[in-house]
Amino acid sequence: MKTVLKNSQVGDILLEDGIIAKIGGNIDSPGAEEIDCTGKHVLPGVIDAHVHFRSPGHEEKEDWESGSRAALMGGVTTVFDMPNTNPQTVTIEALEQKRALARAKSHVNFGMFFGGTGHNLEEIKKVKGIVGVKVYMGATTGQTVDETSEFMEKLLRDLFESTEKIIAIHAEDEELIKKHSETYKSDIAPEIHSLIRNDSVALAASKRAVHLAKKYGGNLHICHMSTKKELELLSKYPEVTCEVTPHHLFFTVGDYARLENFIKVNPPVRSKNDVDALWEGVRNGLVSFVATDHAPHLVAEKQRGYWDAPAGVPGVEFALPLMLDAVNNGRLSLGDVARLMCEGPATVYGIRGKGFLKEGYDADITVVDMDISREVLDKDVVSKCGWTPYAGMTLRGWPVMTFVGGVLMMEGREIVSGNKGKEVTW
Ligand SMILES: [Zn+2]
């Protein structure tokens, strides 16, 4: 199967047998299908390195079919799924079960995170082909301060010492969260979420993780980094990588009044001051990449009161349009978008053949039209959750074609192939 993307910004691009076979100039390849890309921009396929596709266990919120179709609509060609499914991905058996689901249903390429619980070190030493190990620093709820920090130190020490893989951390300090929850326990305003989980909560956990990575020599990645203080911390440790989510770039605490618990997310949305620092961080390279932390919940669940509404927002469909709109608004360059959404995640996790438009690389490609303007509407959402916190925003710059392994999968907001993705390799 051969396709030539004609007249891209780097000349013609020949896709053959799932690989980028040739780039540049005028390519005349007999028998190849020609697709005109005049006036559009061709990017390496977008990699979303942090999604929760909910399957197995919570298919009412999302599954590999719906989640991967949403990804295609958003120009995303590869996703890395987090381990907090049911069963949790903390045993090789559970990992194989999830892999079978993804192979059967996912229209995009995928990679799997494995959970580090403090009780599954032997499995982690044996497991093959994972993106990294995810650790929730708030996982030891119910223990005293000393036990918590000792448990976490042992858990991270064991991981740093026994695997070369990246240890990706959800950095929030459980003890501080509990203390702050007590303070606000009789309040029900969604705004308290950003007070209970304030920037000290994130900084305390990030500091501890960085300290332990230095002490034991591990590969540390901070997930969904959200505060100015953490950025200042990480500026001193260039070997520690981090990601930022679209919701932390596009929402502030001022948005609770309109969106209430629909923007309840962990870590929470922050102040304008933090948001400005995050934008500076994505521009100056301190932030390694943008990932969505796509975490769909049903509308009825988000409509519950503060204490009962689950945390998490969907994002895989609109991350790229949001960033392209930022390009059109002069906040970023298109090169920044490629660095943050394609090259960054491929480089940090060392994925083979992805993240760049290069001959010999996988033919995962996202074609964008920087001039299309469209309002984001809940009714257009492909994710099973059926809503998005970005509804009502008019964004300029949208993906118009998504190729996975050389196969055109999405064109003009239509899914045009039932092809399946593959698991990433190293
Ligand atoms: Zn997450």
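Is His50 buried or exposed? His50 is buried, with a relative accessible area of 0%. The views below come from a predicted model.

**View 1. Three residues hold the zinc ion.**
The zinc ion is coordinated by His50, His52 and Asp293. The donor atoms are NE2 of His50, NE2 of His52 and OD of Asp293, at 2.1 Å. Along the chain, these donor residues follow the spacing H-x1-H-x240-D. His50 counts as buried because its relative accessible area, 0%, is under 20%. His52 is buried too, with a value of 6%.

**View 2. Helix α13 is largely enclosed by the rest of the structure.**
This helix covers residues 319-328. Nine of its 10 residues are buried, so the rest of the structure largely encloses it. Among the buried residues are Ala319, Leu320, Pro321 and Leu322. Met323, Leu324, Asp325, Ala326 and Val327 are also buried. Gly330 follows α13. The phi of Gly330 is positive, near 80°.

A disulfide is a covalent bond between the sulfur atoms of two cysteines. This structure holds zero disulfides. Cys37 is buried, at 0% relative accessible area. Cys342 is buried as well, at 0% relative accessibility.

**View 3. The largest pocket has 25 lining residues.**
How much space lies in the largest pocket? About 530 Å³. Of the lining residues, Asn84, Tyr136, His170, Asn266 and Ala311 are the closest to the centre of the pocket. Two elements, β9 and α5, each supply at least two residues of the lining. Strand β9 spans residues 132-136, and helix α5 spans residues 174-183.

**View 4. Residues 139-146 have a pLDDT below 50.**
Start with the whole protein. The average pLDDT is 95, and 98% of the residues score at least 70. Over residues 139-146, the pLDDT is below 50. Beyond near neighbours in sequence, this stretch has 10 contacts in the model. Where pLDDT is low, predicted coordinates should not be read in detail.

Conventions: Residues numbered from 1 in each chain as written. Predicted model: local features only at pLDDT ≥ 70, side-chain atom pairs only at ≥ 80, totals over all residues. Heavy atoms only, no water. Donors = N, O, S within 2.8 Å, 3.2 Å for Na, K, Ca; no water. Buried < 20%, exposed > 50% of the residue type's maximum accessible area, 1.4 Å probe, protein only. pLDDT = per-residue confidence, 0-100. Contact = heavy atoms within 4.5 Å. Helix = DSSP H or I, 4+ residues; strand = E, 2+ residues; numbered from the N terminus. Disulfide = S-S within 2.5 Å. 1 Å grid on protein atoms, 1.4 Å probe; cavity = no way out; pocket = protein on both sides within 12 Å on 5 of 7 lines; lining within 4 Å. Points joined across faces, edges and corners; volume = space filled by probe spheres on them.
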